Amino acid sequence: MLHCPTVYSYFQAGKRTWFPLPALQEFGAKVVIGLDDPFWFDSWDLVQEAKHARLLSNFEYGAQQWSSYDLLKMLTIDAARALGIDDHVGSLEPGKRADLLVIDVDTPRLQPFSNLPSVLTNSVTAGDIETVVVDGEVLMEEQPVTSMDVEAVRAAATRERKRLQAHTGWKTSLAGSTPSDKSILRRVSAQPLLRAMRQYGRGFVNEHFLTHIN
């Protein structure tokens, strides 16, 4: 399952918020962290999404749902396994592609710290990444991107965003964004709504019937 915690915090399934990760993991589901719908919250930071996943799930289910190691695995090897490519990427091992990030934690904002996984998942942002290597090729080195024309890509992304906005009817401004249709039933497909109903329906049965039988 691809979990996009920030955008999920913007809507509810029935009377409950939709942060089902602990329940899904109990059933053995593979859960990875993703990004979705930047029109609403303008987030492109996958590291911060992992932090949000933990905080939102702790709020919903109680503290200590995931360790910092768990979150780092969700961003790396678990994501590779979910895509079926963990024999090529997801961890630094002989025979795998050389995919890695160099993160600068030796900055005043992050010092001092005593727990590296914790600082990576609680304090680091995408702006702290200084070097990116993909399959042995350096794409970004000490912040500057060396693998593409950054201004051309930025202009293309802005152009496509405007095209998507015109096509979907979204209204955006510096003050916020408004979807073309305020109805959640119109904007969300039936499949995830039915899935959420089944999930919380099962939780209702467990809570109100099975616990009394046991």
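**Pocket lining and nonpolar cores**

Helix H6 contributes the largest share of the lining of the largest pocket, four residues. The model is predicted, with local features requiring pLDDT of at least 70 and side-chain atom pairs pLDDT 80 or more, while totals for chains, interfaces and linings use all residues. Residues are numbered from 1 along each chain as its sequence is written, and side-chain values use heavy atoms, with hydrogens and water left out.

The largest pocket holds about 1,000 Å³ of space. A pocket is an open set of points on a 1 Å grid over the protein atoms alone, where a 1.4 Å probe fits, with protein on both sides within 12 Å along at least five of seven lines; lining residues have an atom within 4 Å of a point. Of the 30 lining residues, Leu72, Leu75, Thr76, Leu100 and Leu101 lie nearest the centre. Elements giving two or more residues to this lining include helix H4 (46-61), helix H5 (68-75) and strand E5 (100-103); helices (H or I, at least four residues) and strands (E, at least two) are DSSP runs numbered from the N terminus.

The largest nonpolar core comprises seven residues: Val31, Ile33, Ala50, Ala53, Trp66, Leu71 and Met74. H4 and H5 each supply at least two residues of this core. Another core, of six residues, lies apart from it and includes Val105, Leu110, Val119 and Val124. A nonpolar core is a set of buried Ala, Val, Leu, Ile, Met, Phe, Trp, Tyr and Cys residues joined through side-chain atoms within 4.5 Å.

Gln48 is located in helix H4 and counts as buried because its relative accessibility is 15% (buried, under 20% relative accessible area with a 1.4 Å probe, protein chains only).

Technical notes. Grid points are joined across faces, edges and corners, and a volume is the space filled by probe spheres set on the points. Buried means under 20% relative accessible area, exposed over 50%, partly exposed in between (1.4 Å probe, protein chains only).
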